Amino acid sequence: MARFSEKVNVTICGGGNGAHTLAGLSSLVENANVTVIDVYEDEAERWTETMKSMGFTVKFSDGESLYQKPGEVKFRVSRDVKSVVPKSDILIICVPAYTHETYLNLVSPYVPDACPVIGMPGQPGFEYQALTILKENDRKCTVMSVETLPWACRISKYGQEVDVVGTKEEVRYTLVEKLRQDKKTLKMDPASIIQTILGQKPKLYREKNILKYTFLCIPTIHPPIMYARWRNWDGKPLNASPLFYQGADEDAVKYMNGVTDESIEIAIALTKKVPDQDFSVVSTMQEWLLDHYTDQITDKRSLFTCLKTNKAYDGLLHPTTKTSDGKYVPDLTYRYVREDVPYGLIVIRQIAEMVGVETPVIDEIILWAQEKLGKEYLKDGKLCKLDRENGRLPLTYGIRTIEEFVSFFA
Ligand code: NAI
């Protein structure tokens with residue numbers, strides 16, 4: 001059994017798939033004292049009630065099942081930010097990025113300076129958003145941003161059971177101690193705490209270049225698949241939800257490659273602008289999949305075959321809603337669009353603008369997405385101003401140039 005050498009108060013913010021998995025796994029680490037903060041609708045009450053009678057299980061696709069009996073579940077769910085957060089040794093925000101602002105505003109007045117604040121995942125821009133909100137609350141916390149969720153996971157029964165479909169091989173993170181001008185070291189290394197919770201897999205690697213990290217993140221996977229599948233949809237409901245990753249066709253692959261090709265072009269331009277930082281391994285989507293799912297992919301020949309034969313993607317479907325007559329229509333405002341465009345693609349788009357790289361493929365997807373979301377991110381080929389609730393443009397946080405981006409973290 002994994003263990004911390006001393007008692008660690010772990011606070012998890014969120015109530016979705018990732019938070020369920022994280023709560024189940026971290027609570028089984030010896031010396032962990034885990035509390036979930038969930039302020040969304042009635043989730044805290046539902047989760048608490050269900051666990052009381054049913055216990056809690058994390059189920060893995062290889063058949064392993066980590067079951068905690070009713071009455072013996074080793075974590076609790078609360079909405080009481082004021083009494084839980086001040087006691088935290090580590091605080092992990094595990095929700096879609098469009099909810100980061102809510103949780104950062106809630107916890108920042110109470111989080112101790114010695115407690116690292118972690119976005120797991122952070123997605124592009126978590127670092128400057130978190131640093132800004134913490135600073136506004138006079139906090140000096142270290143900020144860590146984990147590239148993606150370590151698992152592909154889905155809740156099968158709310159508050160009771162979560163299925164881990166796949167576990168990544170490796171995951172990168174950034175660590176920013178900008179607010180800690182006193183240079184006091186942290187009581188505990190946040191990456192070691194997270195690694196202890198995760199166990200053997202995935203392995204965590206630190207990425208020092210935050211600009212490059214922006215390109216490593218997941219937002220380049222989902223929007224091109226959504227765009228390719230639904231841009232010409234005739235509006236007729238379907239008999240079943242199509243497979244998401246494994247259902248991607250050559251058109252989706254073309255758009256995914258288009259986005260990563262543009263990201264690589266931005267990275268080349270960045271290398272010229274910021275020669276002391278390394279952008280050399282901004283990867284293609286195929287390389288990213290092979291790094292993260294190595295042994296789970298049986299046919300590694302192309303991006304198309306990697307998507308089709310990745311076991312971690314087995315059975316994952318397009319987001320849909322059921323009609324009254326039992327058919328399915330796509331949910332075009334699901335987090336694959338609502339999160340990955342305003343907290344992903346538009347961040348990359350502003351960096352492109354900063355270094356003068358044209359991004360026709362990214363623009364095409366953003367224009368489609370903004371119409372579906374009823375927002376305006378791009379107009380006449382230029383990024384629009386956004387307030388904090390609507391996206392995470394560097395501009396919104398006062399970062400207008402690459403020089404300002406680099407000096408923000410210096
Ligand atoms: P999810 O879709 O399960 O998150 C939904 C939860 O977010 C809700 O249950 C609620 O607790 C919270 N939430 C939503 N709207 C809220 C609001 N207005 N105010 C407060 N809370 C609100 O998300 P999931 O699957 O846990 O993913 C978390 C993050 O991990 C996302 O960034 C996602 O893109 C990423 N990710 C997820 C993977 C997965 O397999 N689930 C795989 C890779 C990345």
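This is a predicted model: local features need pLDDT of at least 70, side-chain atom pairs count only at pLDDT 80 or more; totals for chains, interfaces and linings use all residues.
I started with Cys 115, which is buried at a relative accessible area of 1%.

Next I looked for a partner. The closest cysteine sulfur to that of Cys 115 sits in Cys 141, 6.2 Å away, and that is too far for a bond. A disulfide would need the two sulfur atoms within 2.5 Å. I then searched the whole structure and got zero disulfides.

Sheet next. I traced four strands in an open sheet, ordered β4-β3-β10-β9, with mixed pairing. β4 (65–68) and β9 (151–157) are the edge strands, each pairing on one side only. Ignoring direction, neighbouring strands here are turned by 15° against each other on average. I followed β9 to β10 (residues 161–167): the two run antiparallel over six bridges. Another cysteine turned up there, Cys 153, opposite Val 164 in β10.

Last, helix α14 (residues 360–373). I checked its length: 14 residues at 1.5 Å a residue should span 20 Å, and the end C-alpha atoms are 20 Å apart, so that agrees. Then I listed its buried residues: Val 361, Ile 362, Asp 363, Ile 365, Ile 366, Trp 368, Ala 369, Gln 370 and Leu 373. What do the buried residues of α14 pack against? I found α8 (222–230), α9 (250–273), α12 (335–338), α13 (341–355) and β15 (378–379).

Notes. Residues are numbered from 1 along each chain as its sequence is written. Side-chain values use heavy atoms; hydrogens and water are left out. The expected span of a helix is 1.5 Å times one less than its number of residues. Buried means under 20% relative accessible area, exposed over 50%, partly exposed in between (1.4 Å probe, protein chains only). Contact means heavy atoms within 4.5 Å. Two strands pair if DSSP finds at least two bridges between them. Axes are lines fitted to C-alpha atoms, for helices over the stretch in contact, and angles run from 0 to 180 degrees between N-to-C directions.
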